[in-house]
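Open the structure in your viewer and keep the selection tool at hand. This tour goes stop by stop, saying what to select and what is there.

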Amino acid sequence: MRSDALGIFWRDEPPAPKVSVAKPKRTPPERTWERPDYLPGLDEAIAFNVPILTDTDLINEQAAGNRLVYDIEVYPNYFLAAFASMATGKVGFFELTDDKSTGSLDIARLAWVMDNFLTVGFNSNSFDNTIMSIALEGAKCLELQRATHDIIVNEMRPSDVLRAHKVKPRTYNHIDLIEVAPLRANLKIYGGRVHTKRMQDLPFRPGTTLSNEQMAIVRLYCVNDLANTKDLYNVLSGEIHLREVLTDEYNVDLRSKSDAQIAEAVIGKEVEKLNGTRPRRPQIEIGTRYKYRVPHFIKYASPLMNWALDIVRQANFIVDETGSVGMPPELSELKIPMAYGIYRMGIGGLHSSEKSQAVAANNDYFLVDVDATSFYPFIILNQGLFPSHLGPNFLKVYSQIVFRRISAKAGASKLKKLLKTEGLDHNLKVKYEAELKELTVTSDSLKITINGSFGKLGSKWSILYAPDLLIQTTVTGQLSLLMLIERLELVGINVVSANTDGIVIYCRRDRKDELESIIKKWEEDTHFEAESTYYKALYSRDVNNYIAVKEDAKDEPKTKGAYAKTGLHKNPTNEVCVDAVKALVCGGVPIATTIHGCKDIRKFVSVRSVKGGAVKDGVYLGKSIRWYYAANEEGEIIYANNGNKVPKSDGAKPLMTIPDEFPSDINYDRYVEEAERILKDIGYS
């Protein structure tokens, strides 16, 4: 390791040579979980110790306005629709089997539930609601199984499936969580991300003819899926509330839509009002070429940046077969070196190229993160950009949303400061809190629309589709940041990181006024507004994975990528190790102290998807698994289809159900080693 006078540390050891070693072929495990006599958890399933929703309970739940989560399971000889109350946790279920004496479906009661409750599901608009509509017409199990096969295997649209079965679509008061949840994962993985009590895979292959015992097992499995759905709903409750607010405001059902879908629906409806015609997505041919139009304010002083600008100006951005526009090869391969940084351009934004870098403020230098406020929205507004097929009215709608959101955010910030006033009158406090809540909801709901709109510019299926606008926005953002970086580096003020909408600057304390003057001039030239966050230190594995220690010790460090808080965006992986690293770099707490002192098993688990399913010691775990590292645990988790090791699973102990007691066999040394590896990755010394 070496360092320079600026306090920047990095590693320069040569990488170890790669050695190719032929992997021995593994023998797939015996697939006992596919035998007809496979009956996992039969005793628990038969006992079925689950609180049941009676008819009286249902009436009371409906009167109270309580919501129900619901799920459907379909096999050739078994249909199940199960519900659970959000408020009480009680469960109700409806079954249909081939047994004529006991297997009839109470259609009238089931229809009453669907017609009188707001129900919540996962991937339910496509699957569950479609199958439910067919079931309510009196279909038998085999017909429901065929419809299931059409949806899942044949990938038929729900409307086509209903038409094939001669069933009219029914309207339900319903929220489907699959689009509300970020990115794309299955319900089991989302359950693992929110640390649901039990992760459980479908116990029997779809299409299996079930025995009575297997039906009981499926019933209990479905109840667990209801619990997972409820857990996911609770985590998403804030996002759902914002969608309900937008639904009421725009009179369009946005409760089951993603951020991007909301943006499309809201902007599309408002533009339709102004244009007088319904917007339609444009048809842009494959191979269409666009040139970037350099705005008047993009100007450079150095030959290097003027050379780079010429390359950008001459590049052809071409629409590919997916409708997307990638970076031209001459830009994707372009490396722009300035002082300590090498910068690369991409459709997603500008990126610097640091690796294992640690930068610390000291008596002589400060460290500041400078971000452009509402960067992409103001690029669009400042340049007057709009999709040509929507016309200038797009800008009227878009600007109203942006400025309304900025006003609400500023008002909320002002109220937060007022609420900290000592001796504040009680009545004023109540008034400010109510206003703060309203402004926060407004700000957050409009943020969904603003952020979601940008992603639709590159989607050929969207009415907002405008590849030229996408290019003009992202490239302008990158060139604007490079303007600021160039101005700083030309006077010897170093930029140590750059990412999409901001840069991190390492500056002498006696040059702070000079730095602020340069930033102000950049703001005037570009019409952007910069906001600053001061750091004590920045530890980076790379530009997308870092820990930034804020100047105020009370503030949580800013983290990204592998070191960000685990949520719905990524799978938990040894969270206690990241916590230990943050405690060390922020407060000097020894790694071992944090890890040995943690008694929350959720901090020790890892969650991942395993294609084809995973097995440990002959026990089938499923396609979505959870484990922790246990002392004296032998062996590894393997793939069910080939016997190969699941990565990083040696010494892993499956934890498909979170225990009530903290395990006594945690392999603390394994977690300490992992934390020390993270320290090495981020350049900590």
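A cavity here is a set of grid points where a 1.4 Å probe fits but cannot get out. Keep in mind that this is a predicted model.

**Stop 1: the cavity**

How many cavities of 30 Å³ or more does the structure hold? It holds one. The volume of the largest cavity is about 30 Å³. To find its lining, select Lys188, Met199, Gln200, Asp201, Lys623, Ser624 and Met656. Colour these residues by class: two are nonpolar, two polar and three charged.

**Stop 2: a five-stranded sheet**

Next, show the strands E5, E4, E3, E6 and E7. They make an open sheet in the order E5-E4-E3-E6-E7, and the pairing is mixed. Which strands form the edges? Select 91–97 for strand E5 and 174–176 for strand E7; each of these pairs on one side only. From one strand to the next, the twist averages 25°.

Now move inside the sheet. Select residues 68–75, strand E3, together with residues 119–121, strand E6. The two run parallel and are joined by two bridges. Click on Leu68: its bridge partner in E6 is Thr119.

**Stop 3: two crossing helices**

Two packed helices are described by the angle between their axes and the distance between the axes. Select helix H10, residues 259–275, and helix H15, residues 426–456. Their axes come within 7 Å and cross at roughly 95°. Angles of 65 to 115 degrees count as roughly perpendicular, so H10 and H15 are roughly perpendicular to each other.

Show the side chains at the contact. From H10, pick Asp259, Ala260, Gln261, Ile262, Ala263, Glu264, Val266 and Ile267. From H15, pick Ile448, Thr449, Gly452, Ser453 and Lys456.

**Stop 4: a residue in strand E14**

Select residues 365–372 to show strand E14, and find Asp371 in it. Set aside its neighbours within four places in sequence. Asp371 is then in contact with Asp501, Gly502, Ile503, Glu529, Ala530, Glu531 and Lys558. How far apart are Asp371 and Asp525 in sequence and in space? They are 154 residues apart in sequence, and 16 Å apart in space, C-alpha to C-alpha.

**Stop 5**

Strands of a sheet pair through backbone hydrogen bonds, either parallel or antiparallel.

Select strand E20, residues 606–616, and strand E21, residues 619–629. Seven bridges join these antiparallel strands. Ala614 has Gly622 as its bridge partner in E21. The hairpin of E20 and E21 has two residues between the strands. Click on Asp617 there: its phi is positive, near 55°.

Turn to the other neighbour of E20. Strand E22, residues 638–639, runs antiparallel to E20 and is joined to E20 by two bridges. Val615 has Ile638 as its bridge partner in E22. Finish on Ala614, which stands opposite Tyr639 in E22.

Definitions and conventions:
Residues are numbered from 1 along each chain as its sequence is written. This is a predicted model: local features need pLDDT of at least 70, side-chain atom pairs count only at pLDDT 80 or more; totals for chains, interfaces and linings use all residues. Side-chain values use heavy atoms; hydrogens and water are left out. On a 1 Å grid over the protein atoms alone, a cavity is a set of points where a 1.4 Å probe fits but cannot get out, and a pocket is an open set with protein on both sides within 12 Å along at least five of seven lines; lining residues have an atom within 4 Å of a point. Grid points are joined across faces, edges and corners, and a volume is the space filled by probe spheres set on the points. Ala, Val, Leu, Ile, Met, Phe, Trp, Tyr, Cys and Pro count as nonpolar, Asp, Glu, Lys and Arg as charged, and the others, Gly among them, as polar. Two strands pair if DSSP finds at least two bridges between them. Helices (H or I, at least four residues) and strands (E, at least two) are DSSP runs, numbered from the N terminus. Axes are lines fitted to C-alpha atoms, for helices over the stretch in contact, and angles run from 0 to 180 degrees between N-to-C directions. Angles under 35 degrees count as roughly parallel, over 145 as roughly antiparallel, 65 to 115 as roughly perpendicular and the rest as oblique. Contact means heavy atoms within 4.5 Å.
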